[in-house]
Amino acid sequence: MTQPQSVTMSDGVSIEGDLDSDYESILTGDAVEFIADLHREFTPRRNELLQRRSRRQERIDNGDNLEFLDDTEEIRTGDWQVAEVPDDLQKRTVEITGPVSRKMVINALNSGANCFMADFEDANSPNWSNTIEGQINLRDAIRRQIDFYDDNRGKSYELNDETATLLVRPRGWHLNEKHIVVDGEQVPAGLVDFGLYFFHNAQELIDRSTGPYFYLPKLESHLEARLWNDVFNYAQDRLDIPRGTIKATVLLETIQAAFEMEEILYELRDHSAGLNAGRWDYIFSAIKTFRNRNMPVFPDRSQITMTVPFMRAYTDHLVQTCHKRGAHAIGGMAAFIPTSDPETNEEAMNKVAQDKQREAEDGFDGTWVAHPGLVDVAREPFEKRLNGKPHQKHRMRDDVDVSPQDLVNFEISGGSITEEGMRTNVNVGLQYIASWLYGIGAAAIFNLMEDAATAEISRSQIWQWLHRDDATLEDGRDIDRDLYDQIVDEEMDNIRSLLGADRFDEELFDRARRVFDRVAADDDFPEFFTLIAYDELD
């Protein structure tokens, strides 16, 4: 790690990172002052909400159950709708997601998808250069001043005339940005990502007949949504942008938030663009939340499909809730990367098409893909169902009646823990964490585009299996630390063979193993692996 440069910007504000001429175009005095004001106004509430998360976790550890909230019943029974979204957010049939690297931004905007979610969170390794260069790339893309030349391929990239609608995902409330310090305190990373993007681009986006659109990750309560709503109002007022111009889709990826869907939409109702249903993060959240309770032990993650009871209840409830309130419901990710093998491609594409057909039939208004090659495959089943309409919010899903018990029905019939499943979690977890430490947050592993959610589900399953006496492999072997260490040793060798001596960085993978051991095998359970690994980044 290099020693960061420290630059004092104004009273109480310092930049603990390089500040060359390109970076100065983003970290202007006015922009940094805007970030500092956001920090001073909202960080105390953010800190209290993080403490509230911890207190609720303690209550759950001690036997409390998650329930629909008594004190917000009027919201759930009231007659209200979210505000209408602008024209360029009406049709969101296929959304592509990916990091904010320059080539990725161009390719995603050109992909033919309706929307592109540029990701400062799970698909981004938040080192200083990725964070600031990502802001530069988005600024240039909005102004159509972006291009890229790939020396390895000898190919130039530039924007098509028609591009996807841009949305941006800032980092979650739990993360800090260590390179921007205000009054001796690191600024919440989400305020940095949101603040810099909004400050530089809000008016430009409006002038180009679009707007500042966001995805909000990792929320655990409607109070955290209320905080974002207050941030939005403050920022809009500060820059003379009409309130309600910002639109935000909430990623419903924590099990706590599943009990507050309507309340989250209500808090953001003037700014809401809907909810999104994930998979790995949601399963990870279930394990994390009930890790100290006698919940059923989950089988291999490949066996936890979107049709198992608790996932089915979650997605049905999400579609019903969104459509009841006039909001979009966006489905989950197809992470497959097309290969040169026709047989592999055909099998994977069929699975993607089946999954997207299920989402369309369930009432989702759109879905996610990770690669341009999946856009048409994902779009087809939705277009058949939409029949020319931009969405299917008219489908109220009156057949759905989800109870609190349904949302925590973790029983999965016929599931098993296999050695192959354990090895997959270890191998992919190690490879992803090494990639993240290297500075790449969207990693191609075994023909899938993986992000931080993959590392979280991988390590949380290993942790659960190691810490439960009733977790055994399907062949009857106990899952203990000796077996874990053996598999990690062998998978490190397998990765070395897979990558080859020239590509296998011994020091990097040793660091990745230390992080993985810490988050997958220690007695305590770190909330997020990124909180442990962030100190390793420049």
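Are D122 and K218 buried or exposed? D122 is buried, and K218 is buried as well, where buried stands for a relative accessible area under 20%, exposed for one over 50%, and partly exposed for values in between, using a 1.4 Å probe and protein chains only.

## Basis of the model

The structure is a predicted model, in which local features need pLDDT of at least 70 and side-chain atom pairs count only at pLDDT 80 or more, while totals for chains, interfaces and linings use all residues. Residues are numbered from 1 along each chain as its sequence is written, and side-chain values use heavy atoms, with hydrogens and water left out.

Side chains of opposite charge can pair when their charged atoms come close. The structure holds 57 salt bridges, a salt bridge being a side-chain nitrogen of Lys or Arg within 4 Å of a carboxyl oxygen of Asp or Glu. One of them joins R53 to E224, with the closest N and O atoms 2.8 Å apart. This pair links distant parts of the chain, since R53 belongs to helix 2 (residues 29-61) and E224 to helix 7 (residues 222-238), 171 residues apart. Helices here are DSSP runs of H or I with at least four residues, and strands are runs of E with at least two, both numbered from the N terminus. R53 and E224 are both buried.

The pair from the opening question, D122 and K218, also meets through its side chains in a salt bridge, at 3.2 Å from N to O. D122 sits in the loop between strand 4 (115-119) and helix 5 (128-142), and K218 in the loop between strand 10 (213-216) and helix 7, so the pair ties together parts that are 96 residues apart in sequence.

E507 is partly exposed, with a relative accessible area of 46%, whereas R511 is buried, with a relative accessible area of 12%.

Elsewhere, salt bridges that share partners join R312, D316, D355, K356, R358, E359, D362, R397 and D399 into one network.

R171 is placed in the loop between strand 7 (165-169) and strand 8 (176-182), and it is buried, with a relative accessible area of 2%. Its side chain makes a polar contact with the side chain of E177 at 2.9 Å and another with the side chain of D193 at 2.8 Å. A polar contact is a pair of N or O atoms within 3.5 Å; within protein, one atom must be able to donate a hydrogen and the other to accept it, and residues adjacent in sequence count only if both atoms are side-chain atoms.

E456, in helix 16 (residues 452-466), counts as buried at 3% relative accessibility. A polar atom of the E456 side chain lies 3.0 Å from the backbone nitrogen of F529.

## Loop residues

Two residues other than glycine have a positive phi: D183, with a value near 55 degrees, and N447, with a value near 65 degrees. D183 is in the loop between strand 8 and strand 9 (185-188) and counts as partly exposed at 48% relative accessibility. N447 occupies the loop between strand 15 (443-445) and strand 16 (448-450), and N447 is partly exposed, with a relative accessible area of 37%.

Buried loop positions include P212, which is found between helix 6 (189-207) and strand 10 and has 0% relative accessibility. P212 and T165 are 47 residues apart in sequence, and their C-alpha atoms are 10 Å apart in space. A327, in the loop between helix 11 (309-324) and strand 13 (329-334), counts as buried at 2% relative accessibility; its C-alpha atom is separated by 40 Å from that of G17, which is 310 residues away along the chain.
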